[in-house]
Amino acid sequence: SITSLEHLGLGTNFFKGTIPVEISLASQLKTLHLQGNGLIGQIPHSLSNLTNLTELLLQDNDLTGNIPTSLGMMTNLNMLLLSYNAIKGPVPKEFRELKTLSKLFLHATELTGTVPSIQGTETLTFISDCGSPSRSSSPLICSSCTICCNTDNKCQDNNIKKLSLVERTYIFIIAGFCIIILFMVILVLVHKKNIIKFPELKRNVGTMVGEDSAYLFLITKSNLGRLLSLMTAIVQMLVFFIFFNSAEAVFSKENDWEYTKRCSRSSLDCIDEANVDWKAWTVFSMLMIYGPIQDIVNGMMLSYKGAIVRRYRCAFSGIVLVVLGTLAIWASVHYLQATATSNAELIKDSVILLIITDMDEKIFDLMKIIKPTWVEKRTREAKMYSDELNATDNGDSENDNSETDSGLCGNNETTTCEHTNSSTYADYISVFNKMTPF
């Protein structure tokens with residue numbers, strides 16, 4: 001008897017015609033598989049009488065019309081597959097009651113509007129046409145979908161966050177900047193009060209900034225040079241934000257996000273066609289060590305040195321390098337995750353992104369061509385500034401020694417002793433600065 005039937009599997013049999021309403025008489029039916037046929041017409045409202053149904057597979061047919069709202073009353077459904085049909089209209093709000101769903105496939109259809117929030121189970125796979133480009137002028141808006149597909153039948157995980165990538169980047173920059181400033185303030189106070197004697201950093205400041213970089217002008221006396229450095233930093237940041245926007249996981253607008261998954265008619269699982277593995281990311285990491293990571297390390301050392309000797313130009317230069325280097329890595333990782341579909345493509349795009357980080361060097365080379373004398377003068381200033389900072393470190397050490405040895409001088413030798421102790425390398429540098437016309 002049909003009333004005692006529990007499982008009905010008629011999938012992929014190339015049946016024609018409409019779905020018989022008599023199926024609703026099988027009140028004990030638990031699974032109904034009619035996928036892969038040539039069924040036409042609308043989905044019968046009477047199917048909602050099958051209250052024990054856990055699997056309703058109607059995908060890959062030629063069904064039309066709207067989805068019956070009564071399907072939302074089938075609260076025992078675990079799988080509802082309506083994909084690859086010509087059904088249209090909105091997704092019924094009654095679907096919010098389907099809390100036992102583990103698979104809900106609504107892609108490759110003509111559905112429109114806003115999809116109600118569907119919780120389902122923790123392992124819910126919810127696929128719809130919320131990708132871009134869309135099949136219709138008013139694409140689906142689906143916040144609870146786990147996978148979004150587009151008109152090319154390509155799909156991608158729905159990784160949309162509450163905050164956009166650009167917004168998260170702003171928060172990241174502000175938080176990072178505050179942490180660096182706080183660290184430097186603590187470093188200055190601790191060092192100034194001799195709570196901890198921090199080791200001196202004898203590295204050349206010009207080398208850390210970059211002797212062939214436009215950011216070298218930050219440590220010079222030229223306001224024009226500093227302005228040029230800041231403009232270079234702003235341009236680099238704007239380029240990075242272009243990549244952030246292109247890598248944004250927003251399916252309602254065109255961007256560079258690559259759809260790498262295929263959710264076929266006959267399979268219950270989507271296949272990721274991207275071929276990116278650890279080897280490509282290892283090469284990427286090595287490229288980042290060659291570029292941005294070096295800038296971050298040098299920037300941290302500059303900030304450290306600037307805080308110890310209390311020189312704002314040195315400290316500010318370090319902050320600029322740290323921020324730009326971190327942004328370069330942040331933008332590269334997100335953009336490559338969004339666009340790379342193969343190892344070769346990831347490595348190629350990594351090299352392109354690395355070229356952008358060398359923009360400061362290209363601007364420096366351009367200035368050498370336009371104003372070679374001016375650049376040479378700025379380079380000398382940077383070298384003298386670096387020598388002055390190193391001399392400041394030496395001066396601090398020698399002053400400490402002189403105070404210790406001052407008791408060894410007799411009263412008749414006080415003048416000579418004070419003159420010897422005060423004639424530090426820093427004094428010679430100061431006199432040289434006054435004599436040299438810059």
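Ile40 stands opposite Asp62 in S6, where strand S4 (residues 38-41) and S6 pair in the parallel sense over two bridges. The model is predicted: local features need pLDDT of at least 70 and side-chain atom pairs count only at pLDDT 80 or more, while totals for chains, interfaces and linings use all residues. Residues are numbered from 1 along each chain as its sequence is written, and side-chain values use heavy atoms, with hydrogens and water left out.

**Sheets**
- Strands and helices are DSSP runs numbered from the N terminus (strands E, at least two residues; helices H or I, at least four), and two strands pair if DSSP finds at least two bridges between them.
- S4 and S6 belong to an open sheet of three strands in the order S2-S4-S6, with parallel pairing.
- Its edge strands, each pairing on one side only, are S2 (16-17) and S6 (62-63).
- An open sheet of ten strands has mixed pairing and the order S1-S3-S5-S7-S9-S11-S12-S13-S14-S15.
- Strand S14 (residues 261-262) runs antiparallel to S15 and is joined to S15 by two bridges; Lys261 stands opposite Asp272 in S15.

**Nonpolar cores**
- A nonpolar core is a set of buried Ala, Val, Leu, Ile, Met, Phe, Trp, Tyr and Cys residues joined through side-chain atoms within 4.5 Å; buried means under 20% relative accessible area (1.4 Å probe, protein chains only).
- The largest core has 63 residues, and Val205, Tyr215 and Phe244 have the most contacts inside it.
- Helix H6 (residues 312-339) gives the most to this core, with 14 residues.
- Another core lies apart from it, with 37 residues, among them Leu39, Ile43, Val91 and Phe95.
- Beyond four places in sequence, Phe244 is in contact (heavy atoms within 4.5 Å) with Leu165, Val166, Thr169, Leu327, Trp330 and Ala331.

**Thr232**
- Thr232 is found in helix H3 (residues 223-246) and is buried, with a relative accessible area of 1%.
- Not counting residues up to four places away in sequence, Thr232 touches Ala214, Tyr215, Asp360 and Ile363.

**Cavity**
- A cavity is a set of points on a 1 Å grid over the protein atoms alone where a 1.4 Å probe fits but cannot get out; lining residues have an atom within 4 Å of a point.
- The largest cavity is lined by Thr109, Glu110, Leu111, Asp129, Ser134, Arg135, Ser136, Pro139 and Leu140.

Key
Buried < 20%, exposed > 50% of the residue type's maximum accessible area, 1.4 Å probe, protein only. 1 Å grid on protein atoms, 1.4 Å probe; cavity = no way out; pocket = protein on both sides within 12 Å on 5 of 7 lines; lining within 4 Å.
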